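This report concerns the pairing of aromatic rings. The sequence and the model are shown below.

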Amino acid sequence: MHALKRDLLYAHEGAIRARHLEQQTEQAWCLTLVTNAVITWTTEYYGLAVESMRRAGRRIDEEVLARICPAHSENINFFGSIDVDDEGELAQLGPTGYRPLRVRDTLC
């Protein structure tokens, strides 16, 4: 969790630069909000991936799942800009409202 927060705060070079306590508190709360959003998003898609693999007949032990941590940042674009085709993205959503999972052949 600390590594994720450090990565998210990197845009401010890992420092809280606000001068007043109220602004510092606001920056800390924003960091907490973004951290929680990343963890929630990752957890949700981990669940979809596990469901998909189990439907495909893959056995996944609960003990293994208990050791998975959704607090990583490999899936986050910190520095670039992203052009999003809203209509195209919405067209990709499945009936449940989620984007399709990226399934690799190596996950057998």
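How many aromatic pairs does a search of the whole structure find? In this predicted model, the search returns 2 aromatic pairs. One of them is formed by Trp-41 and Tyr-45, a tilted pair with a centre-to-centre distance of 5.0 Å and 40 degrees between the planes. Both residues belong to helix H2 (residues 21–55), where a spacing of 4 residues separates them by about one helical turn.

Tyr-45 also pairs with Tyr-98: the ring centres are 5.5 Å apart and the planes stand at 90 degrees, so this pair is edge-to-face. Whereas Tyr-45 lies in helix H2, Tyr-98 is found in the segment after helix H4 (86–92), so the pair ties together parts that are 53 residues apart in sequence. Through these ring pairs, Trp-41, Tyr-45 and Tyr-98 are linked into a cluster.

The accessibility of the three residues is as follows.

| Residue | Relative accessible area | Class |
|---|---|---|
| Trp-41 | 52% | exposed |
| Tyr-45 | 15% | buried |
| Tyr-98 | 25% | partly exposed |

Why does Tyr-45 count as buried? Its relative accessibility is 15%, and buried means under 20% relative accessible area. Trp-41, at 52%, is exposed because the cut-off for that class is over 50%. Tyr-98, with 25%, is partly exposed, a class that covers the values in between.

Terms used:
Residues numbered from 1 in each chain as written. Predicted model: local features only at pLDDT ≥ 70, side-chain atom pairs only at ≥ 80, totals over all residues. Heavy atoms only, no water. Phe/Tyr/Trp six-rings, centres within 6.5 Å; stacked < 30°, edge-to-face > 60°. Helix = DSSP H or I, 4+ residues; strand = E, 2+ residues; numbered from the N terminus. Buried < 20%, exposed > 50% of the residue type's maximum accessible area, 1.4 Å probe, protein only.
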